[in-house]
Amino acid sequence: MSKRIIKSMTGMNIQSKLEEISEALVLSEPSDFQSVSMLYNRINEFNEGVKETGEKKAGAVLKAVLHIIEGILLEEVEDPNAAFSIVNDTVVALQSVY
């Protein structure tokens, strides 16, 4: 992702959205459907904002994260904890960009 996102995302503060996502992650457990659903919704909202910027790489990363969370919610992943760890690592990487 580039700094261009920060300037071009209308009505969305990147840092505060990532903070919300990070907080949701801390409060979530792979076995808690409600908290994982809330996390999915926050990341999806962030992804919609990123889509508006035309930032394809960020969109691809977020799409992959959403797919992983869907797998957790639908109980389609073998190891939900490992999948959740990937989501966490991705959010940490996004935060390090900003």
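## Starting with N47

Leaving aside its neighbours within four places in sequence, N47 touches G59, L62, K63 and L66, where contact means heavy atoms within 4.5 Å. You'll find N47 in helix α3. Is N47 buried or exposed? It's buried, with a relative accessible area of 4%. Here, buried means under 20% relative accessible area, exposed means over 50%, and partly exposed is in between (1.4 Å probe, protein chains only).

Before going on, a word about what you're looking at. This is a predicted model, in which local features need pLDDT of at least 70 and side-chain atom pairs count only at pLDDT 80 or more, while totals for chains, interfaces and linings use all residues. Residues are numbered from 1 along each chain as its sequence is written, and side-chain values use heavy atoms, with hydrogens and water left out.

## The whole protein

So what is the protein built from? It has five helices and zero strands, and from the N terminus on the elements run α-α-α-α-α. Helices (H or I, at least four residues) and strands (E, at least two) are DSSP runs, numbered from the N terminus.

Of the 98 residues, 40% count as buried. The protein exposes about 6,000 Å², and carbon and sulfur atoms supply 51% of that; these areas come from the Shrake-Rupley method with a 1.4 Å probe, and for residues only the protein chains shown count as cover. Now take the contacts with a separation of 6 or more: residues 24 or more positions apart account for 63% of them.

The predictor's confidence in each residue is called pLDDT, and it goes from 0 to 100. The protein has a mean pLDDT of 85, and 87% of its residues reach 70 or more. Over residues 1-8, though, the pLDDT is below 50, and beyond near neighbours in sequence this stretch has 18 contacts in the model. Where pLDDT is low, the predicted coordinates should not be read in detail.

Helix α2 covers residues 14-26, and its 13 residues should span 18 Å at 1.5 Å a residue. The expected span is 1.5 Å times one less than the number of residues. The end C-alpha atoms are 18 Å apart, which agrees.

Which residues of α2 are buried? They are I14, K17, L18, I21, S22, A24 and L25. They cover an arc of only 160 degrees around the axis, so they sit on the same side of α2; the arc is that of the directions from the helix axis to the C-beta atoms.

## Helix α5 and what covers it

In α5, the buried residues are A83, F84, V87, T90, V91 and L94. They cover an arc of only 115 degrees around the axis, which puts them on the same side of α5.

What covers those buried residues of α5? The cover includes α2, α3 and α4 (56-73). On the face of α5 turned away from its buried side you'll find the exposed residues N81 and S96.

## Salt bridges

How many salt bridges does a search of the whole structure find? It finds four. A salt bridge is a side-chain nitrogen of Lys or Arg within 4 Å of a carboxyl oxygen of Asp or Glu. Side chains of opposite charge can pair when their charged atoms come close.

One of them joins K17 and E20, at 3.9 Å from N to O. These two are three residues apart in helix α2, so about one helical turn separates them. K17 is buried, at 16% relative accessible area, while E20 is partly exposed at 29%. E20 also forms a salt bridge with R42, with the closest N and O atoms 3.3 Å apart. That pair links distant parts of the chain: R42 is in helix α3 (residues 33-53) and E20 is in helix α2, 22 residues apart.

Another salt bridge joins E48 and K51 (3.3 Å, N to O). Both lie in helix α3, three residues apart, about one turn of the helix. Elsewhere, salt bridges that share partners join K17, E20, R42 and E45 into one network.

## A loop residue

Finally, look at S31 in the loop between α2 and α3. S31 is exposed, with a relative accessible area of 68%. S31 and E75 are 44 residues apart in sequence, and their C-alpha atoms are 9.3 Å apart in space.
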